[in-house]
Amino acid sequence: MLTTDFVTGAPNWLDLGTPDMEAATAFYGSVFGWDLESAGPDAGGYGFFKKDGKNIAALGPLSEDGASSAWTVYFQTPDADATAKAIEKGGGVTRVAPFDVMEAGRMGCFTDPGGADFAVWQPAAVKGLEKTSDEGCLCWTELHAGDLAAAKAFYRGVFGWRSADLKVPGMTYTVLSTAEGDDQQEASFGGVVPLLEETETPRWIPYFAVADVDTVVRATQGGGGSVRVPASDVPDVGRMAWLADPFGATFAVIKPQPPVTPPTVVMG
């Protein structure tokens, strides 16, 4: 699972673009107990979702033409401009060229060759999320891709990620790890899976840790959200569900099976 000891290629920020800031704030407050704190008058409406006083995600209005509501996962980089060049060399597309966010850091927004959007964050004053893997916080990230081999090759070329295959019922799950760290399993932060259905769009999905998946499912439905994949138990992993907020932004929740670490994988 994730920590806040961020290294190159690790998820270090997460934000939601939404067409209705007030309604999104109310929805996630009711589902996860999050509070929203404004980033200030110069931030264009951007704000920080907080849990126990710590930044655990962020929220902002939709800023790109034709954009729909979605969560964006950011990955750490020591040099956003160099990473942008590596992304383009690997066949990715720059949607928003790297730029400085006041003194907080430098960011850029991209689309991988398969069509999944993501972003990078080069820390300065803001190092990243202040709390992860606790209840109501980001604990895992997952890429749904049409071409698994191409996706793994692309991100390996950009961030140096390592991968390992895990046999689960009905499929092989690829676990991703950062390039740094002697123990590949401990350095894991996410996974890659095939598209669940022909109509699914390639995307990155954030997983939030929860104490009771079924309670969160009911709160999501009660708040105007929907269930994309019903709650189910995955052996040696935990209980999880795929959900969407009232504006269609997809996210997942999981109650990890103790201990809160990925299961043993076959390195490859």
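The model is a predicted one, in which local features need pLDDT of at least 70 and side-chain atom pairs count only at pLDDT 80 or more, while totals for chains, interfaces and linings use all residues. Residues are numbered from 1 along each chain as its sequence is written, and side-chain values use heavy atoms, with hydrogens and water left out.

The axes of α1 (residues 21-32) and α4 (residues 213-222) cross at roughly 155 degrees and come within 9 Å. The helices are DSSP runs (H or I, at least four residues), and their axes are lines fitted to C-alpha atoms over the stretch in contact, with angles running from 0 to 180 degrees between N-to-C directions. On the α1 side, F27, S30, V31 and F32 make the contact (heavy atoms within 4.5 Å), meeting V216, A219 and T220 of α4. Of the residues in this contact, five are nonpolar, two polar and none charged.

The largest cavity holds about 60 Å³ of space. Helix α3 (148-159) gives the largest share of its lining, four residues. The lining includes L143, W161 and V192, and divides into six nonpolar residues, one polar and three charged.

Methods
Helix = DSSP H or I, 4+ residues; strand = E, 2+ residues; numbered from the N terminus. Nonpolar A, V, L, I, M, F, W, Y, C, P; charged D, E, K, R; others polar. 1 Å grid on protein atoms, 1.4 Å probe; cavity = no way out; pocket = protein on both sides within 12 Å on 5 of 7 lines; lining within 4 Å. Points joined across faces, edges and corners; volume = space filled by probe spheres on them.
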